[in-house]
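Colleague: Before I use these coordinates for anything, I would like to go through the packing with you. Can we take the contacts, the helices and the surface in turn?

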Amino acid sequence: MPGTSGVATDSKGSRYFVFAEGPGGGFQIAGVHQEAFSFPKEYIFPIPDGVSSETVAITMISFLSVFSIFSDIKNGPNAVKVLVLGANGSIGEAALLVAEHLGLQATGVTREGTKVLGRD
């Protein structure tokens, strides 16, 4: 898998979200899970007190997945617009925000016709 993420704890007990991108992922080596790793600083993000590890892992996976896909789209020929189906789900909302951040025009569609991020 080209990207691996997770919540890690350092030797002092501080928690971090870690995104290690690259062939073979970052939290396993030769298919075997490891107990200790060393990552460059640009791949670790401190988790604020009061935020659960589960919330961080779920949220960041959505944003990073969408960011990776939309970055590829943005760098393609004539890429300007994206259609997001299921825009009221966690990945759909992330997709709309990331598309806007990257300068893509995004249209979000929901089955229920509900507002997403305050928009129709």
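**Packing, helices and surface**

Colleague: Leaving aside neighbours within four places in sequence, which residues is Val66 in contact with?
Modeller: Contact here means heavy atoms within 4.5 Å. With neighbours within four places in sequence left aside, the partners of Val66 are Ile91, Ala94, Ala95 and Val98.

Colleague: What kind of model is this, and which cut-offs apply to it?
Modeller: Residues are numbered from 1 along each chain as its sequence is written, and side-chain values use heavy atoms, with hydrogens and water left out. This is a predicted model, in which totals for chains, interfaces and linings use all residues, side-chain atom pairs count only at pLDDT 80 or more, and local features need pLDDT of at least 70.

Colleague: In what order do the elements run from the N terminus on?
Modeller: Helices (H or I, at least four residues) and strands (E, at least two) are DSSP runs, numbered from the N terminus. The protein has two helices and seven strands. From the N terminus on, their order is β-β-β-β-β-α-β-α-β.

Colleague: What do the buried residues of H2 pack against?
Modeller: Buried means under 20% relative accessible area, exposed over 50%, and partly exposed in between (1.4 Å probe, protein chains only). In H2, residues 90–102, the buried ones are Gly92, Ala94, Ala95, Leu96, Val98, Ala99 and Leu102. They pack against strand S6 (81–85), strand S7 and helix H1 (53–74).

Colleague: What separation do the C-alpha atoms of Val56 and Val7 have?
Modeller: Val56 is in helix H1 and counts as buried because its relative accessibility is 12%. Beyond its neighbours within four places in sequence, Val56 is in contact with Phe17, Ile47 and Val51. Val7 lies 49 residues from Val56 along the chain, and their C-alpha atoms are separated by 7.7 Å.

Colleague: Which residues does Ile73 touch, not counting those up to four places away in sequence?
Modeller: Ile73 is also in helix H1, but at 32% relative accessibility it counts as partly exposed. Its C-alpha atom is 9.9 Å from that of Ala99, 26 residues apart along the chain. Not counting residues up to four places away in sequence, Ile73 touches Ala79 and Val82.

Colleague: And Ala106, under the rule that leaves out residues up to four places away in sequence: which residues does it touch?
Modeller: Ala106 is in strand S7 and counts as partly exposed because its relative accessibility is 33%. With residues up to four places away in sequence left out, Ala106 touches Val82, Leu96 and Ala99.

Colleague: Is Thr110 buried or exposed?
Modeller: Thr110 lies in the segment after strand S7 (105–109). Leaving aside neighbours within four places in sequence, its contacts are Ala87, Asn88 and Val116. Since its relative accessibility is 15%, Thr110 counts as buried.

Colleague: About how much accessible area do the residues of the nonpolar surface patch have together?
Modeller: Patches are made of residues with over 30% relative accessible area and no salt bridge, with like charges joined within 9 Å and nonpolar side chains (Val, Leu, Ile, Met, Phe, Trp, Tyr) within 5 Å. A salt bridge is a side-chain nitrogen of Lys or Arg within 4 Å of a carboxyl oxygen of Asp or Glu; accessible areas come from the Shrake-Rupley method with a 1.4 Å probe, and for residues only the protein chains shown count as cover. Leu97 is partly exposed at 35% relative accessibility. Leu97, Phe63 and Leu117 form the patch, and together they have about 220 Å².
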